[in-house]
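Here are a few friendly notes to read alongside the model. Take them one at a time, and keep the 3D view open as you go.

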Amino acid sequence: SDNLVSFRSVSELQQQNQKLLCVVRELSEEQERREVEEEDPKVVELRAKLDSAAEQIRELKDAQLRQVEMVEAVARQRDMYRVLLAQAGHTMGNAEDPKEKNKKKSAE
């Protein structure tokens, strides 16, 4: 470290300043890295809770999507049965009811 503060000329002083700037940057980065590694336990706990809540939200959204798809499928099925019922009613309406047929015969 003594060689970083001694100099013989202005150009050597400028070179030493450049070296000192590099050392300061390296030390600052190392300190920041240590601070990140030594996070406050409360922050770590809150991050874990946040991650858990985000996962629950994703699961709920997926479940909601599945429910919407299921409701749409049930509605399509309902509509299909309505059409079938209407077609069956239409077909039955054209054919004579056997009881009505018997009434007509007895009236004749």
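This is a predicted model: local features need pLDDT of at least 70, side-chain atom pairs count only at pLDDT 80 or more; totals for chains, interfaces and linings use all residues.

1. R58 is partly exposed, with a relative accessible area of 46%; buried means under 20%, exposed over 50% and partly exposed in between, using a 1.4 Å probe and protein chains only. Its side chain meets that of E55 in a salt bridge (2.8 Å, N to O), a term for a side-chain nitrogen of Lys or Arg within 4 Å of a carboxyl oxygen of Asp or Glu. E55 is partly exposed too, at 35%.

2. Residues are numbered from 1 along each chain as its sequence is written, and side-chain values use heavy atoms, leaving out hydrogens and water.

3. How many salt bridges does the structure hold? There are 4. Another one of them joins E30 and R34 (2.7 Å, N to O). These residues are 4 apart in helix α2 (residues 10-37), so about one helical turn separates them. E30 has 30% relative accessibility, and R34 has 47%.

4. Where is confidence lowest? pLDDT, the predictor's confidence in each residue from 0 to 100, is lowest in helix α4 (residues 98-107), at a mean of 60, and highest in α3, at 92. The mean for the protein is 84.

Terms used
Helices (H or I, at least four residues) and strands (E, at least two) are DSSP runs, numbered from the N terminus.
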